2 protein chains.
Amino acid sequence: MKLTLENVQDLVIGATFLGAGGGGDPYLGALAAQQQIARGRVAEVIPLQSVADDALVIPVAFVGAPTAFVEKLFTVSAARVCLERMETLLGRKADAVIAAEMGGLQSLVPFVVGAEVGLPVVDADGIGRAFPEIQMTTFGIEGVRAAPIVAVDVYGEALVIEASDNLRAETYTRAVCVAMGFQSMCSLYPMSGSTAKRVSVPNSATYALGIGRAIRGASQRQEDPFGALANYLRTTHYGHVEILFDGKIADLDRRTRGGWAVGSVRLTGLAGGGDRFEIDFKNEYLVARRNGRVEAIVPDLISIMDRDTAVPLAVENLKYGQRVKVVACGAPPQLRTSKALAVVGPAAFGLTESFVPLESLHPARP
Amino acid sequence: MKLTLENVQDLVIGATFLGAGGGGDPYLGALAAQQQIARGRVAEVIPLQSVADDALVIPVAFVGAPTAFVEKLFTVSAARVCLERMETLLGRKADAVIAAEMGGLQSLVPFVVGAEVGLPVVDADGIGRAFPEIQMTTFGIEGVRAAPIVAVDVYGEALVIEASDNLRAETYTRAVCVAMGFQSMCSLYPMSGSTAKRVSVPNSATYALGIGRAIRGASQRQEDPFGALANYLRTTHYGHVEILFDGKIADLDRRTRGGWAVGSVRLTGLAGGGDRFEIDFKNEYLVARRNGRVEAIVPDLISIMDRDTAVPLAVENLKYGQRVKVVACGAPPQLRTSKALAVVGPAAFGLTESFVPLESLHPARP
């Protein structure tokens, strides 16, 4: 599998859906990926199971507020510094790169880096969606140390963060990324191939491409893209799908605070009025409530999508009056274990509600 | 020359005077130094000119808000991590440590580190006083790069900051130190012996000890400690001395903001009323004004001292009602050049007044 000028757009749509509001607007990342492809630099995508046990796999990702990613270009040379500095630290060359998270802009980072340095991209990631903090990955949940972390600014200056604890690594990296202008390109969680196979969420790029293809294909055939999306997702580990709301954006409270985009969005029916439907976010959509009752909650995925084209909307692209549908789907099973819920469940985001799987909140009608 | 249980207290008093309000309360540092001495670990003090040209000299310092230093203990093991990580980065062992700044707690750091790792302490520093930012040293003024900087937290976790520009190094290190709880132990400005001889302010430890001895000796002999201080300073590169004010603290506005202790202190005569005398500070005392007119201004040194014992008071130890004298002395000549004033002159601290040397503000009375 390769990224081509044709399927970059599918990856963008699919990755934005999996981003669940976060992961950053992929527009600039898609431009960078397309430029690499046009130059003949294309990263090969390899299945997770094909990675050699003793390979060195390096996850790459932006750390910062998605609201900053749309305002500030990143250089490909920063990506190179980011990888090479990690190789120097570890005293060996990397064999492959991998997405730390499959969501929005983040999904494109390994493709841009891999193409730049000539390394394959593993078809997997550390979440199967996007999350706002470094420790919130299956890598971390399964005991891999996030440090050393190399954080690079737009000038190509590198900082190395050492921390035995992933939460402390998050704290320091966040402080650094804020000082860098709310974004930094990072390499982190360096791991062996055997570890990568044990702790990663597989098939991320395949699924992102599939989601994008389902939505784009249906739209081109003038069929219902939401139906096509649901049919495709049922073949993946995302499983259950629900359309939670159909209406428009009535209110939006969005701030860039502490290195994240935080706030909430309120929706009403197209004619106004009706149920009070609200979604809270911290980079990603965390919980959807109808009249105060939970309809979907993290780590399950919530997406706000254009109601006609099913193009998913990242937090930083929400606008007052947009006509949208809210779609939710289940999280990959790796995120729903009790060990995972301690790190990426509602309490990790300061929510008081317990996690209830989407399919339990919406039992099949008899 | 060696630091002994007897002369540590002289160093503390002299270094607090040279700290000009900043550099951190040396109490905890003095305890650490005394503990090292009691264990038989004593760092040898060597003259700047005796350092070999090809030696590796590593400056060490705390970076953070002095208001935090009085609340939080630092471990000697952090000091060891700080030095050893820098040695690993540079691929060679250090030959000596040196104070980044001779002021308050900072003056003791190289003695504690040197004793811990068995390295001599160079009798010199990078300012000849204390300043609040990393680029504000004669090292930086003379073109030495501050990076790589190793910043270590209380847990012994190390961050490495790379930056080609010293201002950017300051920005990133400050962000890191705030995330570390407003203080970090740093090694920075690594340099060769020949560079150290070219860019350092010499005799810092000798002068700090001399100042402390002058004040303590006079107090013990029940003579005027301010006169003894002035007599001693005239034999050093600090030259001119003025007692600017005699009174008490009438108001104090002190905050810990952005990683520094900032604010201002207002003094009145002992009976209250009289001239309006104010001193602004950012970690260090920056400018003293009587009825709005400048009486001393950075980089010249301003010190607030107990009016009976001449014990100098750091910013974080100022209290309402304290009876004090304000003493100013000239900066070392290296800080008064136009090149230096661009980095450590009034404008670098946001002050609108130009630098006027203390001796020009207070011409000798005929």
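**Note on the predicted two-chain model**

1. Chain A and chain B bury an area of about 1,600 Å² between them, and carbon and sulfur atoms give 54% of that area. The size of an interface is often given as the accessible area lost when the parts come together. The contact involves 20 residues of chain A and 20 residues of chain B.

2. For the complex, the predictor gives an ipTM of 0.74 and a pTM of 0.84.

3. Nine residue pairs are in polar contact between chain A and chain B, with both residues at pLDDT 80 or more. On the side of chain A that touches chain B, the elements that give two or more residues are α4 (76-90), β6 (158-161) and α7 (166-179) of chain A. Of that side, α7(A) supplies the largest share, namely six residues. Sorted by class, the side of chain A that touches chain B consists of twelve nonpolar, two polar and six charged residues.

4. The salt bridges between chain A and chain B number four. In one salt bridge, the side chain of A:Arg85 meets that of B:Glu162, at 3.8 Å from N to O. Side chains of opposite charge can pair when their charged atoms come close.

5. Strand pairing also joins the two chains. β6(A) pairs with strand β6 of chain B, residues 158-161, in the antiparallel sense and over three bridges. Within this part of the model, A:Ile161 stands opposite B:Leu159 of β6(B).

6. Chain A contains an open sheet of eight strands, in which the pairing is antiparallel and the order is β14-β13-β12-β11-β10-β17-β15-β16. At its edges are β14 (293-297) and β16 (312-313) of chain A, each of which pairs on one side only.

7. One pair of strands in chain A deserves a separate point. Strand β12 (residues 277-282) and strand β13 (residues 284-290) of chain A pair in the antiparallel sense over six bridges. A:Asp280 stands opposite A:Val287, a residue of β13(A). The loop between β12 and β13 of chain A holds A:Asn283, and the phi of A:Asn283 is near 60°, a positive value in a residue other than glycine.

8. Most residues other than glycine have a negative phi, and most peptide bonds are trans. The peptide bond from A:Val298 to A:Pro299 is cis, with omega near 10°; A:Pro299 lies in the loop between β14 and β15 (301-306) of chain A. In chain B, a cis peptide bond joins B:Ala147 and B:Pro148, with omega about -5°. B:Pro148 is placed in the loop between α6 (138-141) and β5 (149-152) of chain B.

9. Over all chains, the structure holds 48 salt bridges. One of them is formed by the side chains of A:Lys197 and A:Asp53, at 2.7 Å from N to O. This pair links distant parts of the chain, 144 residues apart: A:Lys197 belongs to helix α8 (residues 193-199) of chain A, whereas A:Asp53 lies in the loop between β1 (45-47) and β2 (56-64) of chain A.

Key:
Residues are numbered from 1 along each chain as its sequence is written. Chains are lettered from A and ligands numbered from 1 in the order in which they are written. This is a predicted model: local features need pLDDT of at least 70, side-chain atom pairs count only at pLDDT 80 or more; totals for chains, interfaces and linings use all residues. Side-chain values use heavy atoms; hydrogens and water are left out. Contact means heavy atoms within 4.5 Å. Buried area is the accessible area (1.4 Å probe) that two parts lose on being put together, summed over both. A polar contact is a pair of N or O atoms within 3.5 Å; within protein, one must be able to donate a hydrogen and the other to accept it, and residues adjacent in sequence count only if both atoms are side-chain atoms. Helices (H or I, at least four residues) and strands (E, at least two) are DSSP runs, numbered from the N terminus. Ala, Val, Leu, Ile, Met, Phe, Trp, Tyr, Cys and Pro count as nonpolar, Asp, Glu, Lys and Arg as charged, and the others, Gly among them, as polar. Two strands pair if DSSP finds at least two bridges between them.
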